[in-house]
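Good morning, everyone. Let me put a structure up on the screen, and then we'll walk through it.

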Amino acid sequence: MKREDQELLERAEEKENNEEKPENESHKQDDFFEDEFDREFWVKVRQRQSEGLSWSSAMNEVRVQRLIQKYKDNGELDSEDPALVMLKTWPTSKRYKDNPDKLLGLEQLISKFLVILLESELNSGNRYETFRDMDDKTGKTLLHYAAQLGFLHVTKTLVKKCPGLLALKTKAQLKPEKKRAMLPIELALIAENDEVAAYMIRMMWHERVQSLFSWRPGDMTNPQPSFFSFKSIVKNPKMKKTVVAVLDQMVNPHWPHLPKRKDEYDNDDEEEGIEGAWTTIPDDPLDYHFYYHILDGDDGGRPPKIVSSEGHKQTDNEYFNLRDKSCLHLIAKSNNKEALQHPVVRMLIKTKWNRFGHWFLSLHAALYVIFLLFLSYSLIYGSTKLDPTQYRGAADSLRGICEVVTLFMVVFYICEEINQMRKERHSYFREWMNLFDWLGLVLILCIIPLRYTDNKAQWKVASLAFLFNFLRIFKFSCVSRTTGLYTKTLAKIIQRDVTRFMAVFFVVFLSFCGALFLSVQSSKQNQQFSGFEDVLLSGFRALSEQQPIAEDYSTFNWLSILLMLSYMGTVIVILLNILIAQMSTTYTQAKKVARLEYDVDRISLLTRMERFPFLNLRVKYYKEGDWISEMKLAKELLEFTEDRHHWESVEEKLDAIRDMMRKMVKQMRPDREQRAVSRDISE
């Protein structure tokens, strides 16, 4: 015997002698899947290692062989199948129930064991592709257990070796509780295992994925909602990767001149010819078909329109619930940036925007400009009259007409805001621009009682109403992409830098003005400041108007002059320069996210238009899908990308689009699931 083998045997004997029987029995109860590392084990490990395997690989192979041998010795019962024991029994053992953090290490171990097991004699004839747990009432497969546990590596191993498992359902159960047959992906969605669900969705046919989130009309006598609501997944912050994976499956790449694949072929030659053609397809399709029906559907996956039984003409779907928010709206509110930037979402936004969004927003903006013109004439001309309640002459008559029209439009806008509040509920109050809406409208109504009681405060209220109503015009900045992006960039700068600067400036300003006021009190001639408010005004004018703080500094003592110089140096030299530097950095960062926020605003505007009473825009302009070329994608996705050069050629833009879409296509090549769709043997 070789020296190394002798050392292994001695090590095993020493370990056996040092172990106490009670501990060994307890160890078997808690960790029954662990092997006994006896002499025979180490000899076999050494033999495998001498064949070129690494130490860990050799140990794994020997342990798997022992599991297989144990399975054979016990009569090859399905309930004791090594793969089933690893996925059903091991994770539920006491060791992992008490320490769930150790499940990650267990997953890695099971994944390695399965790779060996699926290449062994137990998987001859792809046995595990149809294997079920017969002790389970629903007859789960290995992939069902992996999906339920959230074992990503195990899932990848099973799908790679046994792709047919993706299409196998559990058995329907009637008692004690009625349960329908489910795919492995459905168990992953129920368990909220994001990474596992996203991977499995990308490995399935896009028709099967879309069927999970689409309604089941049948013969239209008793249509059923979808098995899963895509809206509930979008709203779940734990399922962001799954949302993106579902969006990927709404893209169907198209290669022309390819034979149509079948679930069942007439003969082997036909199968070999068609499948062989599909295995040679390139990674760059000529165009893509984008599906929009799930994004535009209601909670039950019902689309706004359906194809009539008479032909290809679309008719309104009477089962569609117009009050339900679309998935597109929820994606905008979900803070899922990857989903918002997805090509399907971007192209659907562009389609809706071009068909009705831009026109309606332009009309709304034009009406609001007219409202501002009437408001301006009413307030500004009325302020020139000693008694604005008197109407004499043609100019006053015109002012009266403008005031009446203004009030009618105010009532209209208030009703519109109340309608939005009713539909959006709590989310309505999260948008700060809605505050401007209400302030401007309510202040206009407050002018009326103040005017007819001859209260001079009416002009203060009128000035604020004029200000807030003109600021409301920024709501329509999305009418053009240039103004929309600029407004978003400006808002980000104000939110980040100006607010922080004002907080620091306010502290510095008050401290120096208070110290200066107290300092000049020690001087005998302090008539230059009548009070503390005069010092505040002088300090502010020194910055805004470049005016001296005082006309005569001869009455200032040395401390007052020092405080004044320190104030000017701190604010002008330090704070303002820091603000300029911060604004420069924020501007660069804000430009990158402005396009994203601009799309969020466009989605919000589009969904509001779609829910507007009587117009029924969501149904009228519904589009089930569209053929998208590379050129269309390049124009929409790259035209306003800030990190790209404006002088890029068309070919360079197309290359960029191809790289982006190639990554998506590679994750969902149509040969992943093979013909597993037809292999649903759950019946």
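Where is the place of E192? Look at the loop between α10, residues 184-190, and α11, residues 194-203. That is where E192 sits. Keep in mind that this is a predicted model.

Let's stay with E192 for a moment. Its phi is positive, about 60°, although E192 is not a glycine. Here is the background. Most residues other than glycine have a negative phi.

Next stop, N126. Which loop holds N126? The one between α7, residues 103-118, and α8, residues 142-149. N126 has a positive phi too, near 50°, and it is not a glycine either. Is N126 buried, partly exposed or exposed? Its relative accessibility is 40%, so N126 counts as partly exposed.

Now step back to the whole chain. How many helices and strands does the secondary structure come to? The count is 27 helices and five strands. The chain has 683 residues, and 46% of them count as buried.

What about the surface? The accessible surface of the chain comes to about 37200 Å². Carbon and sulfur atoms account for 56% of that area.

Last point, contacts. Take the contacts between residues at least 6 apart in sequence. Of these, 71% join residues at least 24 apart.

Notes. Residues are numbered from 1 along each chain as its sequence is written. This is a predicted model: local features need pLDDT of at least 70, side-chain atom pairs count only at pLDDT 80 or more; totals for chains, interfaces and linings use all residues. Side-chain values use heavy atoms; hydrogens and water are left out. Helices (H or I, at least four residues) and strands (E, at least two) are DSSP runs, numbered from the N terminus. Buried means under 20% relative accessible area, exposed over 50%, partly exposed in between (1.4 Å probe, protein chains only). Contact means heavy atoms within 4.5 Å. Accessible areas come from the Shrake-Rupley method with a 1.4 Å probe; for residues, only the protein chains shown count as cover.
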